[in-house]
Amino acid sequence: MTPPAEGSATLAAVAAPWVDRTPRAVRLWRGALNRIVLAVCVLAAAAVVLPLVLILGYLIANGVGGLNLAFFTHMPKPVGESGGGMANAIVGTLMVVGLAALLALPVGIAAGVYLAEFGRGRFATLVRYTTDVLSGVPSIVVGVVAYGLVVVPMGRVSGLAGSVALAILMLPPIIRATEEMVRLVPQSYRQAALALGAPRWRTTQQIVLPAARAGIVTASMLAVARAAGETAPLLFTALGNRFWSLRMDQPIATLPVFIFDYARAPYTDWNRQAWTGALVLVLLVTLISLLLRLTVRRVRDR
Amino acid sequence: MRQPLAPRRRGLTVDGVYRGALAAAAGVIFLVVALIVLEIARGAMPSIRTIGWGFLAQREWDPVADHYGALPYIYGTLVSSLIALVLAVPLGLGSAVFLAELAKGRVAAIVSFVIELLAAIPSIVYGIWGFFVLAPWLRNALEPWLVAHFGYLPLFRGTPFGIGMLNAGIVLAIMIIPTIVSISREVLLAIPRSLREASLALGATRAEAIVVTLDAAKPGILGSIVLALGRALGETMAVTMVIGNTNRISASLLDPSATMASVIANEFTEATGSLYLSALIQIALVLFGVTILVNALARALVWLTTGGRRDVAGAT
């Protein structure tokens, strides 16, 4: 008998030692094994869908009760009083994330355009690799870095420090997304512009980038939305604030940190608000990113 | 701006300047990495000088006595990530095969959508769910059952708290499954169809053809698993909420523990002494070093299998 192909050897070997090796028995066993393997794959996929259903289900069940106008417009109540909202945390999140986006977007988009339009050499490969590796740095470590870079020199925690941390976290996905989107612009656009005598910079700036604009905007917003859900890097940079504050050089409340504090607090009313906060955060982050992702896909498939 | 700036010196053209400016922006990434390394190294310096690297092997963590050892946190990080991998790898690979080889049309779209959704949920939300939903269930249902039936194993001895290593492992598994699925699926799709067709033509069953494909995709799949490991090692908020944050090494998965990331999250704001703070930053340094190595390895593996396709290699 000729030895079977290398890959299928692993499956056939399962049968070899203890099933009798008449052709009929082997065929039956292979058929059965085939069904088992396929069924296991289907079950695995089902098992992956289950946690999402559970998480979203509990999130809605526990969070929707506290979802009212007051949650968005009122301030947190002092300890012991029930009610109140997270208005300051919602505004704080928008401010911290907004400033982070201002810091990260120009650099990230320029870097992405460079990689897509000029990125062929060793330098570009190194940039790509570094970007990918940087995206794996734990967010808590980035928080420690922002603490050392901003909090220590300033002498106090601040919204600015939180923005710096989030900006570092946003950078890799923005670079990656921009590069991908600029690459989608058909090569013929560039050739046409160059053939008309436009220099490289004008081709990129006036032909390629306008064509890629929608994609770049949506894809970058994805990165920004994702960063808005980060908690760890804000714990000791933006810290949190129970009062209304719009100053970026002071501690500022953010939604994720608020949820964390309220979830750990020994008051059921606070726990309930934490669930509501989590629901709002998921609606903000997940829905925005999903909508954007669908748009990106449409742009890509066009 | 109609007329581009005339070249002032030889070689300095608008094109050159434009390209240089963009390249400078790209170079910022190195600056960021350098800043991260410098800043953590500087913060950890006092601790490295005073305690040294023996810190990694010491069990005692006593801020009052100014004595710091990171071993319980390293243990907690490794074991919780290991539990996560044990749970997530079979499920993730099965789902990836399902998506790449079996599912079509609507079903595939729905499962992919769910996996993207899982990846988009902030980690604090996983933490809340693990704390308020999973923990009571573990405490009242799964853990007593494990103790009753497998209590003879040291792994399942002790009191069911609900909060602890097992809970952290399960939550981490849910969080890293999307990484394994999305990258493994792309890797599988990058394997030439002809390989599958050849196996089928030789009379292989579908399962056997899948095994052949898996065999060819091995490095990339390994890459996706290593990448998921990196994610699990550094995950902070969800773990902090469900692991119990107890500084001890216990063989039982039911016991509370702590990880490198969770101790930083918990104690950084309370760290009063400068050595205390520095010891925490030294933990961050170790965590950074480990995740960078793990990630560099993973990215290289995925790049190898997919021929450097950006959309796969850099996927999150």
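Mentor: Start with burial. A residue is buried under 20% relative accessible area, exposed over 50%, and partly exposed in between, using a 1.4 Å probe and protein chains only. This is a predicted model: local features need pLDDT of at least 70, side-chain atom pairs count only at pLDDT 80 or more, and totals for chains, interfaces and linings use all residues. Residues are numbered from 1 along each chain as its sequence is written, chains are lettered from A and ligands numbered from 1 in the order in which they are written, and side-chain values use heavy atoms, with hydrogens and water left out.

Trainee: Which residues are buried in H10(A)?

Mentor: First, the element names. Helices (H or I, at least four residues) and strands (E, at least two) are DSSP runs, numbered from the N terminus. In H10(A) the buried residues are Leu255(A), Pro256(A), Val257(A), Phe258(A), Ile259(A), Phe260(A), Tyr262(A) and Ala263(A). That is 8 of the 10 residues of this helix (residues 255-264), so the rest of the structure largely encloses it.

Trainee: How many residues of H6(A) are buried?

Mentor: For H6(A) the count is 12 of 16, so read it as mostly covered by the burial rule. The buried residues include Ser139(A), Gly143(A), Tyr147(A) and Val151(A).

Trainee: Where is the kink in H6(A) centred?

Mentor: A bend is the angle between axes fitted to the seven residues ending at a residue and the seven starting there. In H6(A) the kink is about 35 degrees and centred on Tyr147(A). Tyr147(A) is also one of the buried residues. Just after the helix, Gly155(A) has a positive phi of about 85 degrees.

Trainee: Is Ile55(A) buried or exposed?

Mentor: Ile55(A) is at 1% relative accessibility, so it counts as buried. This residue sits in helix H2 (residues 23-63) of chain A. Leave out residues up to four places away in sequence, and Ile55(A) touches Ile121(B), Val125(B), Tyr126(B), Trp129(B) and Ile174(B).

Trainee: How many residues does each chain give to the contact?

Mentor: Chain B gives 90 and chain A gives 88. Buried area is the accessible area (1.4 Å probe) that two parts lose on being put together, summed over both. Between these chains it is about 7,900 Å², with 77% from carbon and sulfur atoms.

Trainee: How many salt bridges cross the interface of chain B and chain A?

Mentor: The rule asks for a side-chain nitrogen of Lys or Arg within 4 Å of a carboxyl oxygen of Asp or Glu. It finds 1 across this interface. The side chains of Arg30(A) and Glu208(B) form a salt bridge at 2.7 Å, N to O.

Trainee: What is the make-up of chain B?

Mentor: Chain B has 12 helices and 2 strands. Of its 316 residues, 57% count as buried. Its C-alpha trace spans about 70 × 65 × 30 Å along the principal axes.

Notes
Contact = heavy atoms within 4.5 Å.
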